[in-house]
Structure formats: C-alpha cells, structure tokens
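Me: I'm new to this one, could you walk me through it?

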Amino acid sequence: MDICIASVMRNESLFLPYFYSNWISIPQIKHIILVDNGSEDSSISVARSLNIEVIEHSSEVDFNSIRNISLLAAQKTNCAHILMVDVDEIPNLRCFSLFQKLSENFSTVPFIGIPFYEGFCSKSVMWLESS
C-alpha cells in the first residue's frame, strides 16, 4: 500500500523538518507533495532540501484551488492512496493499523475520514482518497 502525502504550505520552514521526519518514518509513505502558497520565508528551499516535491503557486489563488492542485499532482504519482495533511500535523501511529485495515477493505470507497493524527494545536480528521 503506497501512500502519497499532499499538502499546502505557506511560511512553514520551522515545521518542515518535523513534518518530514514524522511522516517519512511510516514505510507506506512513498511520496510527499507540497504546494507553496506564496511563502516569504525559506519554506521552498527547506522542503526541496528534504527531497519533498514542491509546486510553487501564487498566493492570490483561493485555498480550494491550491488543495486541488496538490491532489492532481499526487494522483500522477501512481500511489494507491493520497493522504491530505497540514504541515503542522504529526501522525498518531496508534491509529495507523485502523487506517491500513480500512484502506485494504474499502479500496473502492473514494474518501474515508478517520481520526489519524493530532496537530500541534488541534485534533483533525484524515481524508484518504483511493486513486
């Protein structure tokens, strides 16, 4: 089960090393794509130094369009699943076995939302898209 992480970032240079080290430690994560939404810090260079694919985009575009760009790019990776996360969120590995079971048993369901990670500031819901 190969997974591609897709996300949007803006001025996230401080979080990127933590983001990368936490998510890449999961063996199923094969690719990470970040769409930059007009960062004014070193986010782009930090992400590229971590071998993260970065797509630069104008900050004048609405968030939904930017998110869709990341999803379209993630679909081109041919990974079995796409995981949308925020850069400041870290995986909760206790829930990962549930994620694996759902993705194996419901591979034809386009979106599955399960509690998967906790952000530094809030709890969130993970959305899984089967390619």
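**Layout of the chain**

Reply: From the N terminus on, the chain's elements run β-α-β-α-β-α-β-β-α-β-β-β. That comes to four helices and eight strands, where helices (H or I, at least four residues) and strands (E, at least two) are DSSP runs numbered from the N terminus. This is a predicted model, in which local features need pLDDT of at least 70 and side-chain atom pairs count only at pLDDT 80 or more, while totals for chains, interfaces and linings use all residues. Residues are numbered from 1 along each chain as its sequence is written, and side-chain values use heavy atoms, with hydrogens and water left out.

Me: How many disulfides are there in the whole structure?

Reply: A search of the whole structure finds zero, a disulfide being a pair of cysteine sulfur atoms within 2.5 Å.

Me: Other topic: what share of the chain is buried?

Reply: Buried residues make up 45% of the 131 residues in the chain.

Me: What about contacts along the sequence?

Reply: Of the contacts in the chain with a separation of 6 or more, 67% are accounted for by residues 24 or more positions apart, contact meaning heavy atoms within 4.5 Å.

Terms used
Buried < 20%, exposed > 50% of the residue type's maximum accessible area, 1.4 Å probe, protein only.
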